[in-house]
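Subject: Structure for you to look at

Dear colleague,

Here is the structure I said I would pass on. My notes on it follow below.

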Amino acid sequence: MNTRQIVLAVLALDFLALSGYVVANHGYVGMFVELFSTWPGILTGVDLTIALFMIMGWMLVDARKHGLGVVPYLAVTLAFGSLGPLAYLVRREWALSGR
């Protein structure tokens with residue numbers, strides 16, 4: 001495992017822990033209710049949605065280029081946000097380091 005893989009894995013696990021904490025305290029729907037209750041929250045939510053869809057487009061192209069499966073990571077992205085791309089990058093680094 002190289003440094004990039006370790007950093008990505010730690011970041012993904014930390015984000016998963018933070019996500020779990022927020023969902024445990026506010027509920028999955030509750031976190032969106034709070035996010036979209038103010039205009040700055042709406043702006044942040046829309047910005048994150050645009051960014052994640054651009055990242056999903058990149059993941060599709062990159063997965064085809066490297067012969068990797070991407071559908072599970074797209075589904076995780078739709079359900080849990082940045083966790084999907086982080087998990088994809090961990091998988092991608094693992095696959096490419098073996099070549």
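I start with Asp62, whose contacts, leaving aside its neighbours within four places in sequence, are Tyr88 and Arg92. Please bear in mind throughout that this is a predicted model. Asp62 lies in helix α3, and it counts as buried because its relative accessibility is 6%, with the limit for buried set at under 20%.

With neighbours within four places in sequence left aside, Tyr88 is in contact with Trp58, Met59, Asp62, Ala63, Leu68, Val70 and Tyr73.

Tyr88 also belongs to the largest nonpolar core. That core has nine residues in all: Met56, Met59, Ala63, Leu68, Val70, Tyr73, Leu74, Tyr88 and Ala95. The largest share is that of α3, with three residues. As background, nonpolar side chains in soluble globular proteins tend to be buried together.

Next, the pairing of α4 with α5. How do the axes of α4 and α5 cross, and within what distance do they come? They cross at roughly 150 degrees and come within 7 Å. Angles over 145 degrees count as roughly antiparallel, so α4 is roughly antiparallel to α5. On the α4 side the contact is made by Tyr73, Val76, Thr77 and Phe80. On the α5 side it is made by Leu83, Gly84, Pro85, Ala87, Tyr88 and Arg91.

Thr77 deserves a separate entry. Is Thr77 buried or exposed? Thr77 counts as buried, because its relative accessibility is 3%. Its place is in helix α4, and its side chain reaches the backbone oxygen of Tyr73 at 2.7 Å. Leaving aside neighbours within four places in sequence, Thr77 is in contact with Leu52, Met56, Met59, Gly84 and Pro85.

Now the N-terminal helix. Helix α1 covers residues 3-26, which is 24 residues. From its first C-alpha to its last it reaches 34 Å, close to the 34 Å expected at 1.5 Å a residue. Asn2 caps the N-terminal end of α1, with a side-chain oxygen 3.0 Å from the backbone nitrogen of Arg4. After α1 comes Gly27, which has a positive phi, near 80 degrees.

Which residues of α1 are buried? They are Gln5, Leu8, Ala9 and Ala12. The buried residues of α1 pack against α5 (83-97). In general, an α-helix has 3.6 residues a turn, so residues three or four places apart point the same way.

Trp94, found in helix α5, is exposed because its relative accessible area is 57%, where the limit for exposed is over 50%. Trp94 and Met1 are 93 residues apart in sequence, yet 7.6 Å apart in space, C-alpha to C-alpha. Leu48 has its place in helix α3 and counts as partly exposed, because its relative accessibility is 43%. Leu48 and Gly27 are 21 residues apart along the chain, and their C-alpha atoms are separated by 19 Å.

Regards

Methods
Residues numbered from 1 in each chain as written. Predicted model: local features only at pLDDT ≥ 70, side-chain atom pairs only at ≥ 80, totals over all residues. Heavy atoms only, no water. Helix = DSSP H or I, 4+ residues; strand = E, 2+ residues; numbered from the N terminus. Expected span 1.5 Å × (residues − 1). Buried < 20%, exposed > 50% of the residue type's maximum accessible area, 1.4 Å probe, protein only. Contact = heavy atoms within 4.5 Å. Polar contact = N/O pair within 3.5 Å; in protein donor to acceptor, adjacent residues only side chain to side chain. Core = buried A, V, L, I, M, F, W, Y, C linked by side-chain atoms within 4.5 Å. Axes fitted to C-alpha atoms, helices over the stretch in contact; angles between N-to-C directions. Parallel < 35°, antiparallel > 145°, perpendicular 65-115°, else oblique.
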